[in-house]
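Welcome! Take a moment to look over the structure below, and then we will walk through a few of its parts together.

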Amino acid sequence: MKIDHSLPLEYSTEENRLKIFGFWIFLGAEIMLFATLFTSYFVYEHRSGNGPSGAEIFELSPVLMETILLLASSFTIGLGIHAMRLGKQKAMMAFFAVTLVLGLGFLGFEIFEFTTYIHEGAGITTSGFTSMLLTTLGTHGLHVTFGFFWGLAILLQVKKRGLTPETANKSFIFSLYWHFLDVVWIFIFSFIYLKGMM
């Protein structure tokens, strides 16, 4: 394996560069998944039948907390990658750990939000609106949950093996995934919650 020391560690081998390129292609497929969910949501947005509408169930405070937690986690994962590029393993691991704690906080608020919706009569079978709302939010939440366990696995690998081209590559790819989830959340926050509160 030929290592190019003029490049950041995560790009330092041909295999690493191909893995990053491949992950960008994967994110393209993820964009299509969420685009389909958003399109379906917009089709059913005003079809609440006898169930509650978005204006009736959406509350700004928990959604704002979810947004702050996820955006803060995007910042900390960026700091983690910066520390990784400087060769500071402990700092990198600390920033990744903070990112995962913020992600857990986000999931806690989302679970609370789901239980509130269900208590208010907005279950997945209540209407087309609630079905697509919960499906879209749930899909994003499942991605964050997967990301939490993926990040945990990377932390364990970095602790065991140190910063190598392989662990740096995995860490960078994970950060791309995490940033992607944050971008999706900005769309959810703007076009589902804020628009639905009006």
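## The buried side of helix α1

In this predicted model, the residues of α1 that count as buried are Asn16, Ile20, Phe23, Leu27, Glu30, Phe34, Leu37, Phe38 and Tyr41.

## The length of α1

Helix α1 is made of 31 residues. From its first C-alpha to its last, α1 reaches 46 Å, close to the 45 Å expected at 1.5 Å a residue.

## How α1 meets α6

Two packed helices are described by the angle between their axes and the distance between the axes. For α1 (residues 14–44) and α6 (residues 165–197), the axes come within 11 Å and cross at roughly 15°. Angles under 35 degrees count as roughly parallel, and α1 and α6 are therefore roughly parallel to each other.

The crossing of α1 past α6 is right-handed. Sorted by class, the residues in the contact of α1 with α6 are 20 nonpolar, 2 polar and 3 charged.

Now for the loop between α1 and α2 (54–57), where Ser48 lies. Is Ser48 buried or exposed? Its relative accessibility is 15%, and because the cut-off for buried is under 20%, Ser48 counts as buried.

Leaving aside residues up to four places away in sequence, Ser48 touches Ser53, Ser127 and Phe129.

Notes: Residues are numbered from 1 along each chain as its sequence is written. This is a predicted model: local features need pLDDT of at least 70, side-chain atom pairs count only at pLDDT 80 or more; totals for chains, interfaces and linings use all residues. Side-chain values use heavy atoms; hydrogens and water are left out. Axes are lines fitted to C-alpha atoms, for helices over the stretch in contact, and angles run from 0 to 180 degrees between N-to-C directions. Helices (H or I, at least four residues) and strands (E, at least two) are DSSP runs, numbered from the N terminus. Angles under 35 degrees count as roughly parallel, over 145 as roughly antiparallel, 65 to 115 as roughly perpendicular and the rest as oblique. A crossing is left-handed if the near helix is turned anticlockwise from the far one by less than a right angle, and right-handed if clockwise. Ala, Val, Leu, Ile, Met, Phe, Trp, Tyr, Cys and Pro count as nonpolar, Asp, Glu, Lys and Arg as charged, and the others, Gly among them, as polar. Buried means under 20% relative accessible area, exposed over 50%, partly exposed in between (1.4 Å probe, protein chains only). Contact means heavy atoms within 4.5 Å. The expected span of a helix is 1.5 Å times one less than its number of residues.
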